[in-house]
Amino acid sequence: MPTISVDSGSVKIECKPGQSLLDALLDANVAVDNPCNGKGTCGKCRVKVVSENPVAPTEAELRLLSAKEIEAGVRLACMVKPETDMDIVSMHRERKHEVLTTGLLPEFEYDPDISKRTFTIERPTLEDQTPFEDQACAQLGVDALSAEVLIDAGLVPGEFTAVFHDGEVVQIERGDTTDELYGVAIDIGTTTVVCELVNLATGEVLADASQINAQKVFGLDVLTRITYELEHPDNGIANLRKVMVKSINGMFDELCEETGIPRNRIYEIAVGANCTMMHMLLGVDAHGIGKAPFAPAFARAKDLPARAIGIEAAPGARLYCLPHVSAYIGADIVAGAYVCDLHNVKNNVLFIDIGTNGEIVLSKQGQLLSCSCAAGPALEGMNISAGMRAAEGAIEEITITEDGNQFAIIGGDVEPQGLCGSGILAVLRELVRCGFVRKNGAFVKLDRLPEDDYRRKMLIEHEDGKRSFVLVDGAEPMLVTQGDVRQVQLAKGAILSGFMALLNKAGIGMDDLDQVIIAGQFGAHLTASSITGTGILPEEVEDRIVYAGNTSKTGAYMALMSGEVKRGMERLAHEMDYMELGATENYERLFSQCMMFPDVSKRKEG
């Protein structure tokens, strides 16, 4: 088998016959960007081959890599199938990422399912040989202790503390530990994961940690990861769960190191996540979510021992997974609807979580109707030629002027490395505003611009007749291509059509809408002008837009702190109606109409 030497021999791996270089790297846990799961469509899994490579570039590589890159030995790992030993340099560079950890938090009563009580085991005598279990049960008011709890407890005469979960003893600790009661709230997004350590006695958040979702190596979006499961029937499900649990345990290490709290004092973990991520966390087959009729294996809330899936916390720690509505309205959206009190509002409110999927909930005076639209990864900065995650060096805002482009870049005074999701929307807003892009999404033709029009020097016309916008000039200019515009156009058409379909179904018009709530990691970084300027939402609602932040994490926190909140979320998930957009009458026509960008000429006339 060919041996692959990575980064001057720092890692050496063996590549199986016929195996792609990408799969070999992933099997060896070598980080490499892989949004499309090796389909040769994203162009992100770049590596530099420094040894002789006799295999000619594929059509996909010729299309996605520049001639200069190919000449320098840059290849796409998914397209290379090594036949001989190979030396490569990894081009993957982890950068500091911005992850949203805060969100709207309404008032509610603390009443966690986890509690503690002390008891004492008396030394037996010939006159009193009461078993230790019976002594404990009498003082704690329970009928019996499970064998598992007894085995872990090691009861001897002395003082102990019992840990209760929803009235049942799940753990016994030596001594009085009643002042040590902690839990963790987790939001698992397709792109990011956030954990926060909470004092269950007071509700105080003691520390938080966040990471890019470790499953990114198996694909950027949920459908790509489901495809990975299908293509790897022997270990795909296990691999997805393994990397997620490992990531969570790593964040627990960070939380415990920062606070000095031992992980065996963490007694409950509450998780908000979309339906696919929850399946993959628990190691449940997610295949049904990826194909019609889109039936998940489960949608109800789950309560299980944390160690059943490998999460390292207290021996008796519980894992609570919030409930879902359907395959594409997950626990993260249920949490958001609950946090925003959509089931109790007296007016008309629209809730939107914008990401790789756009999940939308309409509350018509407390009656909830939901839908989900496949926005795709473009709005996360992927499937964009210069796209990247929201990391240092990413352009997040832009203003186009006659004198050039003015940027806001994550990390401050650093060189621009690419476009994150908010950046690509800001660019499209500006391209539409300045007339570079027409209503139908096509770049304006150069021969239609006056010779002295400043836009001429910002557009490039390629040999095939297609045009691109020069975002950053240089020897290797950073471009926004016609393909990039189409990707955003598809995403914005999907979200707007979902928005309009819900209003139509509910029988209300735009003027009847009182508020639009934007939630989630991505949405929090979008300006109202970018949302309406690109036509994701109509211009009429711009003054009604409010931001709720990471409501999935907030919902997990509330569930951690209150058993009643858990029951409330379970009732809400059961009562929320779901509308399948693909089965909606005339949806294709609506989607086509929603693909159009705002007509700037009419806006100026108005």
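Author: Happy to! Keep in mind that this is a predicted model. Let us begin with helix H7, residues 236-259.

Reader: Which helices and strands do the buried residues of H7 pack against?

Author: The buried residues of H7 include Leu240, Val243, Met244, Ser247 and Met251. An α-helix has 3.6 residues a turn, so residues three or four places apart point the same way. The partners of the buried residues of H7 are strands S9 (182-188), S10 (192-199), S11 (205-212) and S12 (266-273), together with helices H6 (222-231) and H8 (275-282).

Reader: How far does H7 reach from its first C-alpha to its last?

Author: H7 has 24 residues, and at 1.5 Å a residue the expected reach is 34 Å. The model comes close to that, with a value of 35 Å.

Reader: Which residue just after H7 takes a positive phi?

Author: Here we look just past the end of the helix, where phi is about 75 degrees. The residue is Gly260.

Reader: Now the sheet: which strands are at its edges?

Author: The sheet is open, with six strands in the order S25-S24-S15-S16-S17-S26 and mixed pairing. An edge strand pairs on one side only, and that holds for S25 (545-549) and S26 (577-578).

Reader: Which residue in S25 is the bridge partner of Ile517?

Author: Strand S24 (residues 515-519) pairs with S25 in the parallel sense over four bridges. In S25, the partner of Ile517 is Val546.

Reader: Which helix lies across S15, S16 and S17?

Author: Helix H9 (residues 331-339) packs on the sheet too, but touches S15 and S16. The helix you ask about spans residues 482-506 and runs at about 20 degrees to S16: H11.

Notes. Residues numbered from 1 in each chain as written. Predicted model: local features only at pLDDT ≥ 70, side-chain atom pairs only at ≥ 80, totals over all residues. Heavy atoms only, no water. Pairing = 2+ DSSP bridges. Helix = DSSP H or I, 4+ residues; strand = E, 2+ residues; numbered from the N terminus. Contact = heavy atoms within 4.5 Å. Axes fitted to C-alpha atoms, helices over the stretch in contact; angles between N-to-C directions. Expected span 1.5 Å × (residues − 1). Buried < 20%, exposed > 50% of the residue type's maximum accessible area, 1.4 Å probe, protein only.
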